[in-house]
Amino acid sequence: MRVLILFAHPHFEKSRVNRALLKSLPASDAFTIHDLYELYPHFDIDVAEEKACLVEHDIIVWHHPIYMYSAPAILKQWMDMVLEFGWAHGAGGDFLKDKTALNVVTTGGTRESYLPEGFNRYSLTEFLRPFEQTARLCKMNYLPPFAVQGSYRLSDAELEAYAGDYARLLGRLSLGDYDVQTLQSYAYLNDWAGAASGRATP
Amino acid sequence: MMAGFLGQAIIYLTAAIVCVPIAKRLGMGSVLGYLLAGIIIGPFGLGFIGREGQDIMHFAEFGVVMMLFLIGLELEPSHFWKMRRLIVGMGTVQLGATAVLASTGLMLLGFTWQAALATGLALAMSSTAIVLQSLKEKGLGGTMGGKSAFAVLLFQDISVIPILALLPLLAATTGHAGAPHARSFLVDLPGWLQTLAVLGAGASVVLAGRYLIVPLLRMIARTHLREIFTAAALLIVLATAGLMSLVGLSPALGAFLAGVVLANSEFRHELESDIEPFKGLLLGLFFIAVGASINFGLIGQTPLFIFAVLLAVVLIKILVLAVTGRLFKLMPDQNLIFSLSLSQVGEFAFVLFSFMHQAHLLSDEIAGQMMAVTALSMALTPLLLLIGERFALPRLITPQAADQIADSIDTRHSVIIAGFGEFGSTIGRFLRANGVEATILDNDSSRVDLLRKMGFKVFYGDATRLDILKSAGAEDARILIIALADPVTRHDLIERIRGHYPRLRLMVKTKDRADAYDLIDAGIRDIYRESLDTSIRLGVDALIRLGFRKYSAVRAGLNFLKYDEAALEELAKHRHDEQSYITTTREYIRLQEQLLTNDREANPTINDHAWESDRHTYPSGKA
């Protein structure tokens, strides 16, 4: 199983958290990272190239920070352009069928702030509905998100733990070592990755 | 006579060519190589050269003068001013303490106080030539230790003036009549007039540098005669040295001053590369002469005494230097570099000892022994530095050390722009707006002057000259942007870079498509056609004027740019298929036709279906 990480961060050079996450991945043929802002600085996404790449991978990861309760603009651009009618969805749009999709996100707010009584009033799952439904439209299995939260106040040790979970999660997914139904029962994939490593998640 | 000169030249050059590479290979540095070469061909080695070593040394001391001129060139006046505390502070402590300790020791050995004081002062001096050459070779010139060493050397050079004034007085008090020959016509003048002359000489160097030399160089540059420029550069150094000797100042100090004055001029790099080879050869010659002048006969007679004195002198110097470095808060590793590098007795001591000998302050034997100590201490320095570097430094390196090494006197830039016309200067402005300072090379001196007034770091020089590229920092730079108008010059430059700096990334501006093909053939990847982006931008705006939505027009522009770049590479491959001879104009027309056909066949925007919602048709209820 090959994992395609569609990474979108307009200011990656300043993102300590995302650097740590991506750095934790072992160099392996199983992972392909598409750094969208680096590949397409003019938003001129190469649709043919992206489609060819999608076909070669089984697990699609939308990896991005949460800005204004959604993904940075280029990821929306990518979805608008690449997930074409007749290719990804609609009549004859079966090229993504049965692949797995998920969001890996980083948020400034804590997990608690994304509760009904919290500052942001809705859960991440709610905010990520467009991704969930897009995945469903393209006949993909959508998994709960993996989230690094409270990113401004993470200690080095906490960040390292998150990075470890991230690498473990994607590692297990790449081995096909998972069952979609079980995973979908979690609110956050953090809990699965943390439980797998025998450590309580914060 | 001619045969004698030729023979000598052949001996010196051969010795250097044989010894220096071997020494470098063994990690000893070129200074030690030259010294060894001198010892080998000297009277106590193979005996190829005899006692004339001394004369050659005086001649070769000119290398030191040139070296200080070059150092001055690399040091802008503002930097120099910032160093004043180091120069005066460290210099006074080092010179004072060393002289006092050494003199006390010598008096205990039975020297008269006059002789002890004079000798002590001479021993306190260090060798500018050896220190700076060794530090530069090890890349330590820009470190705190290197800068401090330089500051102390400058102070020593300045103190030569009062020391030389003091010596006749000391000689007079010993009762020996007949002071040595007058050094300059000034000695007979009253003190205040001497001071005035010295100040006047300094001022005239500064004023002449600013108002006479620079305009003169500009005039010479316009003649485009390279050898005349070289002649002018040599003349500047020689004339300054001459003026300084006339008023009794150290010629090296004068040349340094001239260098500092010219550091701000656009000719800095040109002067640097013109003087550099002369300096290198003369310094080499100087070191060989020092090696040849070591009197092993004398050492053989009293080896214990000489080595004891040598050891004592070097230890005292290192001790005082280490304390000085500590007082001025040098990091331990920097202090080690500082202390070891300055631990030898300088070439100036040769002058002082022979002077004292003539003034009957020192006996024949003692003067000879002291000179032997001086020469040996010089030979010891590269060895000490080597030992320090191998064994002590690794233990002392502080975390900041790496940063300090990067902070050298002459800030090397990682981008060089060759050609600073409209195109190049826009790049320069853009880079600077983003905090990247580029080194700029241009050979239009009027433009260079204007841009410098606007605060750009622009240097005058022919970019295809290897020495200019080197002084512009081609070795350390990462990118060379070539924005030259003339394809022939550009071609020369590319060839030269390929040969000497293969790691330098080349980004090249071209005039048009045909021009770009030549570069593709030459294997250049990063090619920027002068008008491509602009014409597409204008086309995009035209589409917008015609009623296209802006984003669609901009996307069409981006696509066209990509398509055209790809087409360029594709067509370049097939360009040589055609056998028949075509004139440039006809080839140009043919190219245009080919392009127009291709554009119609493969409209790059046609496959762009994004956001075309009218194509989406779902059976029911779906968007």
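Tutor: Two residues are in contact if their C-beta atoms, placed from the backbone, lie within 7 Å. This is a predicted model, where local features need pLDDT of at least 70, side-chain atom pairs count only at pLDDT 80 or more, and totals for chains, interfaces and linings use all residues. Residues are numbered from 1 along each chain as its sequence is written, while chains are lettered from A and ligands numbered from 1 in the order in which they are written.

Student: Which residues is B:Lys279 in contact with, leaving aside its neighbours within four places in sequence?

Tutor: They are B:Gly63, B:Met66, B:Met67 and B:Leu70. B:Lys279 itself sits in helix H13 (residues 268-293) of chain B; helices are DSSP runs of H or I, at least four residues, numbered from the N terminus. From B:Lys279 to B:Leu68 is 211 residues in sequence, but 9.5 Å in space, C-alpha to C-alpha.

Student: Is B:Lys279 buried or exposed?

Tutor: A residue is buried if 20 or more other C-beta atoms lie within 10 Å of its own, and exposed if 12 or fewer do. B:Lys279 has 21, so it is buried.

Student: What is a nonpolar core?

Tutor: It is a set of buried Ala, Val, Leu, Ile, Met, Phe, Trp, Tyr and Cys residues joined through C-beta atoms within 7 Å. The largest here has 167 residues, and B:Phe69, B:Phe286 and B:Ala418 have the most contacts inside it.

Student: Where does this core lie?

Tutor: Domain 1 (53-399) and domain 2 (411-521) of chain B both give residues to the core, so it lies between them. The domain bounds come from an automatic or database domain assignment.

How values were computed:
Helix = DSSP H or I, 4+ residues; strand = E, 2+ residues; numbered from the N terminus.
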